[in-house]
Amino acid sequence: MKASILTVLLFLTIAWSWPVAAQNSPHNAGRFEQGNFVLTVDLRWDQAQQKEFAHLYNLDTVEVKLIFEGRFKQLADSTEWSPRLLRPGVVELSRPLTQEASRGLDSRLVLLDDFDPIGSFVKPEPAVFGTNKLSREGVISRRSGHYCFFLPGNRDAKKVYLSGSFNLWNTRQQPMQKVDSGWISCIDLEAGKYIYKFIVDGRWQHDPNNRLKEKDGHRGSNSVMFAENHMFRLKGHDQARRVVVSGSFNNWNEKELLMRRVKDGWELPVFLGKGTHTYKFIVDGAWITDPENTNFRPDGRNNLNSFLGIGDTLMFVLKGFQNARQVVLSGTFNNWNRDELLMEKTPTGWEFPYVLGPGNYEYKFIVDGRWMTDPANPITNGEGDFANSFISFKPNHTFRLAGRKDAKGVIVSGSFNNWSHHSYRMIREGNDWVLRIHLSPGRYSYKFVVDGIWIPDEANPLWEENEFGTGNSVVWIK
């Protein structure tokens, strides 16, 4: 959120005093109402007005097409918009103001004293890991499960607010309390990454005591903070001059994560995303495993790494191969390390439990040095020697192509896999070809590839034109 946030609500404020005829302009089509973003649309707008409407409110071509063609059921089924006919030629569209939806609007909001609070706090930004970098101790602290933000000084300020991704950049929901040495506000946050700013008497400013910043898109910066969920601790080593934690989460950077000296050793609070993380401590240049963690794995270089898991466990199983001396699991989740994940022999084969976050993964088994796909998993990506088994952990979307019983192979390809024609391979279920997959929230275009022939999804009415004039199907993940 930035100081240039100056349009939509300003238009709305002016529009309240305009006659009814003026309310048909795209500029004053939007308003906030009880945690929703609401658009009043005149279906008689010409193409220029439709284009202006789409630009003002961050709508894509598919949404605009469905709206002005009156295909409201398809709009409701495939997007977050809820349509309602107000009168002939005028429709009202309502959508919850989620964090994702608010990004397209944040440059068009204005600070108003009577702006209503918008709902509750929302989920954090996507991140693999992070740690806070504060230039002044205590400006962000954790107290009784709450995160407290402190802005020193500004004693002459009349009102100060905290606004960020955690409250949809609401300008009035989180007032800060004046104390002797500044302003403070405490909120509940789940573990993850958040961006924020302070609003001091109507002026937006980033946190002057937080060194973590991101560009805000308006020639300024947003401050970045992490609500931590793990504490790295190393006891003792009182004589050490420098201790660093390094791991798979930061590409084994040897300088980035300096630990802090405490009474009984060293520590560093961090946020870690869901999945398995390997790590070591570097004490004055010497790499050591975590003496308090009994979980070790080989690193492929005749050394061991400590590891920890955050999230749920998937059991990888290879049946048979009872005469094998060694079976290793390797995949995209561990950068295809061929020595790390030694599977355990069971009465029926081999197995290995591994903690994963929701996502799509490729993997293989290495049986006595020979790489092989999973014989129990019919889904693969790639071809020939480069084919890998594919698994989606906690999928949230199903691609389905009906019929095509004579097809030898069907692949779904789109913006989610860089339009690869080797993945993702679908499997036959009854009369349909099916692939269950995990996709992050957002908008994706795609096609099916049937025996090498690219076709759109005939069961999906949402589509957009492409550079070849053949059209792509479109799917929204909420």
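**View 1. The largest nonpolar core has 22 residues.** Of these, L39, V41, F53, Y57, L59, I67 and L93 touch the most other members. A nonpolar core is a set of buried Ala, Val, Leu, Ile, Met, Phe, Trp, Tyr and Cys residues joined through side-chain atoms within 4.5 Å; buried means under 20% relative accessible area, exposed over 50%, and partly exposed in between, with a 1.4 Å probe and protein chains only. At least two core residues come from each of β2 (36-42), α2 (47-56), α3 (61-68), α4 (72-78) and β4 (90-96), and α3 supplies the largest share, five residues. Helices (H or I, at least four residues) and strands (E, at least two) are DSSP runs, numbered from the N terminus.

The model is predicted: local features need pLDDT of at least 70 and side-chain atom pairs count only at pLDDT 80 or more, while totals for chains, interfaces and linings use all residues. Residues are numbered from 1 along each chain as its sequence is written, and side-chain values use heavy atoms, with hydrogens and water left out.

**View 2. V41 and its contacts are shown here.** Apart from neighbours within four places in sequence, V41 is in contact (heavy atoms within 4.5 Å) with F53, I67, F68, G89, V90, V91 and L93.

View 3. Q50, F53, A54 and L56 of α2 are buried. The buried residues of α2 pack against β2 and α3. At the N-terminal end, D46 caps α2, with a side-chain oxygen 3.2 Å from the backbone nitrogen of A48. After α2 comes N58, whose phi is positive, near 60°.

**View 4. Strands β3 and β4 form a hairpin.** Strand β3 (residues 82-87) runs antiparallel to β4, and five bridges join them. Two strands pair if DSSP finds at least two bridges between them. R84 has E92 as its bridge partner in β4. Two residues lie between the strands, and G89 in the turn has a positive phi of about 85°.

**View 5. Four strands make an open sheet in the order β6-β7-β10-β9.** The pairing is antiparallel, and the edge strands, β6 (140-143) and β9 (177-179), each pair on one side only. Six bridges join β7 (residues 146-152) to β10 (residues 182-187). C186 in β10 is the bridge partner of C148.

Conventions. Polar contact = N/O pair within 3.5 Å; in protein donor to acceptor, adjacent residues only side chain to side chain.
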